[in-house]
Amino acid sequence: MPELSRRRRMLVLAICCMSLLIVSLDNTVLNVALPSMQKELHASVSGLQWTIDAYTLVLASLLMLSGSTADRIGRRRVFKTGLVIFTLGSALCSVAPNLETLVIFRMMQAIGGSMLNPVAMSIITNTFTDPRERARAIGVWGGVVGLSMAAGPLVGGLLVDSVGWRSIFWVNLPIGIAALILTWKFVPESRAAKARRPDPVGQLLVIGVLAGVTSTIIEEPSAGWTSPLIIGLICLAVVSLAALLVYEPRRPEPLIDLRFFRSPPFSGATVIAVCAFAALGGFLFVNTLYLQEARNLSALHAGLYLLPMAAVTGVCAPLSGRLVGSRGPRPSLVVAGVGMTLSGLLFALFDAEAHTPLLFLGYVLFGFGFGWVNAPITNTAVSGMPRSQAGVAAAVASTSRQIGSTLGVAVLGAVLAGGVGASSGPGRAAASYVHDFTDAARPGWWILTACGLAVLVLGIATSGDWARRGAQRAAALFEREQEAPPASASAGTGSSRAL
């Protein structure tokens, strides 16, 4: 891709951020609308989990395929296709007649969404070639997450209270159409120098792993560990994972190149992304239900309660990008881990949700910690890899985020459902529901605390000199492969590619 002027680079960044805005806004808006959807669609807690996790599950399953496909056939082409599918899926969600149809249309949204964020990050990586400028661009990208967190609850609350929950999907339509037109006019086409072949078997195995794990967590509270359904789902996940680990290293061009994980910073960023976004997904899911079900707040007032968390995230995200550009990822990851851990402890030990000042302090601490985590994750994932691998590396990082969000909603939703009763729904007595809620959520707060500690420990462990040397050795593997003659490159076997 030719070098662009600074003004054109900033315009490309803005267009890519628009795609992130609609995808991120969709999740934060939806969280505020959950209680209204539960009443109208007569959904259980597990039904609400599926409205979120059906989206994140499909998204996580297809991100790496979309990233490698974009590298092969053109990033702008895939990006435009994703905008069309996501916008159309949003329109269909707004007219869904029941929960089952809504879940199907959410899956359609996810197919389009899988073509947006990792591809946009790949476009950014290839547009901003200077490491410091790239880190700052990624900081702006992370700031959009904060913006969506701030705007989502407010916009969602206002729409739900005034028009109804279906209107939350209308927000995506004008933004998606505008992004499509601007992409067509201003974003240049780019692709990897060496095209990667499709890997349908690897794709199916990834879907098997994620679907098995997520479905097990969501359905276990109602079905039980010994039910044939749960046993079958566990077997699906285990067999798919074993087959994936055996099959992928033996492919010349795998869907998941396990050599990426020879880089300690990349491996650390992947696990940190899972932990951080599991905490975010679970935090928003539990607190949205708590504010509206236990505190009897309206959707708009619940959004206002969450505003301090979102505002702090929006302020810290671009600062984190600048800090990563000048000092590396470690300071940002340490601050992120400390903030998220303290927030979890505040809820787990001091019942912060029962005291409004502590509740707001917990929200601010979580938003502060999360605001610092996104930039180092993304920068670490793509900066140590050759530019030809940018799409796949960015897709792995994005996949880790979605896996984390999926697991966070599934795990904390299962904990909550187990505490207040698997049959919780609109017909359950309000007093009983409120009485059980705080105690049911306590194990979840400890899980969030553990996620914060993991971010802190892994951030320190995978950002030192030895980790950077490991990243250089891992990148050298790809560089030697690109320099090798085509015949030798295509003759790779399982022994030469083994992890």
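This text walks through the predicted model, from its overall make-up to individual residues and pairs.

The protein has 499 residues, and 60% of them count as buried. Its secondary structure consists of 19 helices, with zero strands. Among contacts with a separation of 6 or more, 85% are between residues 24 or more positions apart.

One part of the surface is a nonpolar patch formed by Trp225, Ile234 and Val238, which together have about 310 Å² of accessible area. Val238 belongs to helix 9, which covers residues 228-247. With a relative accessible area of 52%, Val238 is exposed, because the threshold for that class is over 50%.

Ile111 gives a view of packing around another helix. This residue sits in helix 4, residues 99-113, and is partly exposed at 35% relative accessibility. Leaving aside residues up to four places away in sequence, Ile111 touches Val58, Leu62 and Ile85. The C-alpha atoms of Ile111 and Leu63 are separated by 8.8 Å, while the two residues are 48 residues apart along the chain.

Next come the charged pairs. Side chains of opposite charge can pair when their charged atoms come close. The structure holds six salt bridges. In one of them, the side chains of Glu40 and Arg166 meet at 3.3 Å, N to O. Glu40 is partly exposed, with a relative accessible area of 41%.

A second salt bridge joins Arg251 and Asp199, whose side chains meet at 3.3 Å, N to O. This pair also links distant parts of the chain: Arg251 is in the loop between helix 9 and helix 10 (264-294), Asp199 is in the loop between helix 7 and helix 8 (200-223), and the two are 52 residues apart. Both ends fall under the 20% limit for burial, so they count as buried: Arg251 has a relative accessible area of 16%, and Asp199 has 3%. Arg75 and Asp71 form another salt bridge, in which the closest N and O atoms are 2.8 Å apart. Here too, Arg75 and Asp71 are buried.

A pair of aromatic rings is described by the distance of the centres and the angle of the planes. The structure holds 13 aromatic pairs. Phe360 and Tyr363 make an edge-to-face pair, with 6.5 Å centre to centre and 85° between the planes. Both residues lie in helix 13 (residues 356-371), three residues apart, or about one turn of the helix. Their accessibility can be set side by side: Phe360 is partly exposed at 27%, whereas Tyr363 is buried at 0%. These two residues are part of one aromatic cluster, which also takes in Phe277, Phe283, Tyr305, Phe347, Phe366, Phe370 and Trp445.

Cysteines are a separate matter. A disulfide is a covalent bond between the sulfur atoms of two cysteines. With a cut-off of 2.5 Å between sulfur atoms, the count in this model is zero disulfides. Cys93 is buried at 0% relative accessibility, and Cys316 is buried with a relative accessible area of 5%.

The backbone supplies the last topic. Most residues other than glycine have a negative phi, and most peptide bonds are trans. His42 has a positive phi, near 55°, and is a residue other than glycine. His42 is found in the loop between helix 1 and helix 2 (45-73), and is exposed, with a relative accessible area of 65%. Asp351 is not a glycine either, and its phi is positive at about 50°. The position of Asp351 is in the loop between helix 12 (330-350) and helix 13. Asp351 counts as partly exposed, at 26% relative accessibility.

Notes. Residues are numbered from 1 along each chain as its sequence is written. This is a predicted model: local features need pLDDT of at least 70, side-chain atom pairs count only at pLDDT 80 or more; totals for chains, interfaces and linings use all residues. Side-chain values use heavy atoms; hydrogens and water are left out. Buried means under 20% relative accessible area, exposed over 50%, partly exposed in between (1.4 Å probe, protein chains only). Patches are made of residues with over 30% relative accessible area and no salt bridge: like charges are joined within 9 Å, nonpolar side chains (Val, Leu, Ile, Met, Phe, Trp, Tyr) within 5 Å. Accessible areas come from the Shrake-Rupley method with a 1.4 Å probe; for residues, only the protein chains shown count as cover. A salt bridge is a side-chain nitrogen of Lys or Arg within 4 Å of a carboxyl oxygen of Asp or Glu. Helices (H or I, at least four residues) and strands (E, at least two) are DSSP runs, numbered from the N terminus. Contact means heavy atoms within 4.5 Å. Rings of Phe, Tyr and Trp (its six-membered ring) pair if their centres lie within 6.5 Å; planes under 30 degrees apart count as stacked, over 60 as edge-to-face and the rest as tilted.
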